[in-house]
Amino acid sequence: MNEFKLGNIVRDVITGFTGTAFNKTEFLNGNVQYNIQPKGENNSYPDCISVDFHTLEFVEEGCADKVPKQSKDLDIPLGSEVEDITSGVKGIVTLKTFYLNGCISYLVNIKETMIKPAAEAWVDQHKLKVIGKGITQTYNKPEKNSDGVTTGGASVRNMFGKRV
């Protein structure tokens, strides 16, 4: 897998779109995307674009040396059943996003809610505790082509696995 440091300047080999790796999101189905922030012109602040990791290439170091280290001691595996310690809300972790400022957030699909259908919420890492195994990750790594490059991953529309 192409691993980049947040803050690196990267380029999408398909479109040529270039910018700073602003955040990294890991999906329950195994896909990984980086949000790429292009340089602004005339004091503009352009939107980030999400790009799958396998189409990105390293351009230069960028501001990666200034990015705070992220806390791995609280790492929560995707698919885990968690509880928000401040609200008591429980759910399953389906996405994990690492930010340029050092924060890590998880998308929690809320199991029991007054809102129907079920809701989801982004919760900061330090507010979550693992309370169960949740669901298993059902992603199968794609085969590599003759150049040794993976060709993609499973559709994000089928990202929930079997209950353990």
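Lys24 and Glu26 are both buried. The model is predicted, and in it the side chains of Lys24 and Glu26 meet in a salt bridge, with 3.6 Å from N to O.

**Salt bridges**

- Eight salt bridges are found in a search of the whole structure.
- Lys24 counts as buried because its relative accessible area is 11%, and the limit for buried is under 20%.
- A network of salt bridges links Glu3, Lys24, Glu26, Asp75 and Lys96.
- Another salt bridge is formed by Lys127 and Asp84, with the closest N and O atoms 3.8 Å apart. Here too distant parts of the chain are linked: Lys127 is in the loop between strand E9 (120-124) and E10, Asp84 is in strand E6, and 43 residues separate them.

**Strand E6 and its neighbours**

- Strand E6 covers residues 81-84; Glu81 and Glu83 point one way from it, Val82 and Asp84 point the other way, and all are buried. In a regular strand, side chains alternate between the two faces of the sheet.
- E6 pairs with E7 in the antiparallel sense over three bridges. Opposite Glu83 stands Lys90 in E7.
- The hairpin formed by E6 and E7 has five residues between the strands, and Gly88 in the turn has a positive phi of about 85°.
- E6 is also joined to strand E10 (residues 128-132) by four bridges, and these two strands run antiparallel. Val82 has Val130 as its bridge partner in E10.

**The nonpolar core**

- The largest nonpolar core has 24 residues, and Tyr34, Ile36, Leu56, Val93 and Leu128 have the most contacts inside it. At least two residues of this core come from each of strand E3 (32-37), strand E7 (90-99) and strand E8 (104-110).
- Nonpolar side chains tend to be buried together in soluble globular proteins.
- Leaving aside residues up to four places away in sequence, Ile36 touches residues including Val10, Phe17, Ala21, Cys48, Ile49, Val51 and Leu56.

How values were computed. Residues are numbered from 1 along each chain as its sequence is written. This is a predicted model: local features need pLDDT of at least 70, side-chain atom pairs count only at pLDDT 80 or more; totals for chains, interfaces and linings use all residues. Side-chain values use heavy atoms; hydrogens and water are left out. A nonpolar core is a set of buried Ala, Val, Leu, Ile, Met, Phe, Trp, Tyr and Cys residues joined through side-chain atoms within 4.5 Å. Buried means under 20% relative accessible area, exposed over 50%, partly exposed in between (1.4 Å probe, protein chains only). Contact means heavy atoms within 4.5 Å. Two strands pair if DSSP finds at least two bridges between them. A salt bridge is a side-chain nitrogen of Lys or Arg within 4 Å of a carboxyl oxygen of Asp or Glu.
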